[in-house]
Amino acid sequence: MTEPFAHAARHHRATAVARRRPWAPPARRGTIWLVTSTPADAQHLRDLALLRRVRDRMDREYAQPLDVEALARGAHMSAGHLSRQFKLAYGESPYSYLMTRRIERAMALLRRGDLSVTEVCFEVGCASLGTFSSRFTELVGVPPSVYRSEAARATAGMAPCVAKQVTRPVRNREAPAPSRV
């Protein structure tokens, strides 16, 4: 048997609690209300949407000369704020993310074997062959020239989508040191 005024009593308790704690969200059902219950939460969701657009732009335009300032202008943020928020959301800086994407594309081009390392470097948007080679070696574990000669043999007969997954670079300096035999 239910109490006839149980709903009204629950509502009264919830609004009384909300009056005592102005920071508490009003008593409402559903998860969306809880996610966007304060202006700060709504701003955070808008920032995440902007960061996703920045990441998508880097994925699309990786071969273009992108820098953090240009990305920040496109997102209507300062470069410092974009860098901090991007790192909080994705675990790495925008520059690191962009370079990882460029290295992934470079690996695919090097596996094809029809372009030189220098051509691949410029094709993926890197302006410096030295920086490209250093970052490639850091992420993949071998220099691009060695990767080019070995990758074609290692992925022969594999579907391109499988080869991409198998050869995906490891981020944040986690590549094992090349063994010297």
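The protein chain has ten helices and zero strands, where helices (H or I, at least four residues) and strands (E, at least two) are DSSP runs numbered from the N terminus. The model is predicted: local features need pLDDT of at least 70, side-chain atom pairs count only at pLDDT 80 or more, and totals for chains, interfaces and linings use all residues. Residues are numbered from 1 along each chain as its sequence is written, and side-chain values use heavy atoms, with hydrogens and water left out.

**Overall make-up**

- Along the sequence the pattern of the protein chain reads α-α-α-α-α-α-α-α-α-α.
- Of its 181 residues, 29% count as buried; buried means under 20% relative accessible area, exposed over 50%, and partly exposed in between, with a 1.4 Å probe and protein chains only.
- Among contacts between residues at least 6 apart in sequence, 60% join residues at least 24 apart, a contact being heavy atoms within 4.5 Å.

**Helix α3 against helix α6**

- Helix α3 (residues 39-60) packs on helix α6 (residues 94-112) at an angle of about 30°, and their axes are 9 Å apart. Axes are lines fitted to C-alpha atoms, for helices over the stretch in contact, and angles run from 0 to 180 degrees between N-to-C directions.
- That angle makes α3 roughly parallel to α6; angles under 35 degrees count as roughly parallel, over 145 as roughly antiparallel, 65 to 115 as roughly perpendicular and the rest as oblique.
- On the α3 side the contact is made by Arg55, Met58 and Asp59, and on the α6 side by Pro94, Tyr97, Leu98, Arg101 and Arg105.
- These contact residues of α3 and α6 divide into four nonpolar, no polar and four charged. Ala, Val, Leu, Ile, Met, Phe, Trp, Tyr, Cys and Pro count as nonpolar, Asp, Glu, Lys and Arg as charged, and the others, Gly among them, as polar.

**Helix α6 against helix α8**

- The packing angle between α6 and α8 is about 85°, with the axes 10 Å apart, and the two helices are therefore roughly perpendicular to each other.
- From α6 the contact takes in Tyr95, Ser96, Met99, Thr100, Ile103, Ala106, Met107 and Leu110, and from α8 Thr131, Phe132, Arg135, Phe136, Leu139 and Val140.
- The contact of α6 with α8 has ten nonpolar residues, three polar and one charged.

**Helix α4 and its surroundings**

- Val68, Ala70, Leu71, Ala72 and Ala75 are the buried residues of helix α4 (residues 68-75), and what covers them includes α3, α5 (79-90) and α6.
- α4 and α5 pack at about 90° with their axes 8 Å apart, and are therefore roughly perpendicular to each other.
- Val68, Glu69, Leu71 and Ala72 of α4 meet Ala79, Leu82 and Ser83 of α5; the residues of this contact divide into five nonpolar, one polar and one charged.
- His76 is found in the loop between α4 and α5 and has a positive phi of about 60° although it is not a glycine.
- With a relative accessibility of 74%, His76 counts as exposed.

**Aromatic pairs**

- A search of the whole structure finds four aromatic pairs. Rings of Phe, Tyr and Trp (its six-membered ring) pair if their centres lie within 6.5 Å; planes under 30 degrees apart count as stacked, over 60 as edge-to-face and the rest as tilted.
- The ring centres of Phe132 and Phe136 are 5.8 Å apart and the planes are at 50°, so this pair is tilted.
- Both Phe132 and Phe136 lie in helix α8 (residues 129-140), four residues apart, about one turn of the helix, and both are buried.
- Phe136 also pairs with Tyr147 edge-to-face, at 5.5 Å centre to centre and 70° between the planes.
- Phe136 is in α8 and Tyr147 in helix α9 (residues 144-154), so this pair ties together parts that are eleven residues apart in sequence; both residues are buried.
- Phe86, Tyr90 and Tyr97 form one aromatic cluster.

**Pro144**

- Pro144 lies in helix α9 and is buried, with a relative accessible area of 3%.
- Leaving aside neighbours within four places in sequence, Pro144 is in contact with Leu110, Val117, Phe132, Ser133, Phe136 and Thr137.
- The C-alpha atoms of Pro144 and Cys121 are separated by 9.5 Å, and the two residues are 23 residues apart along the chain.
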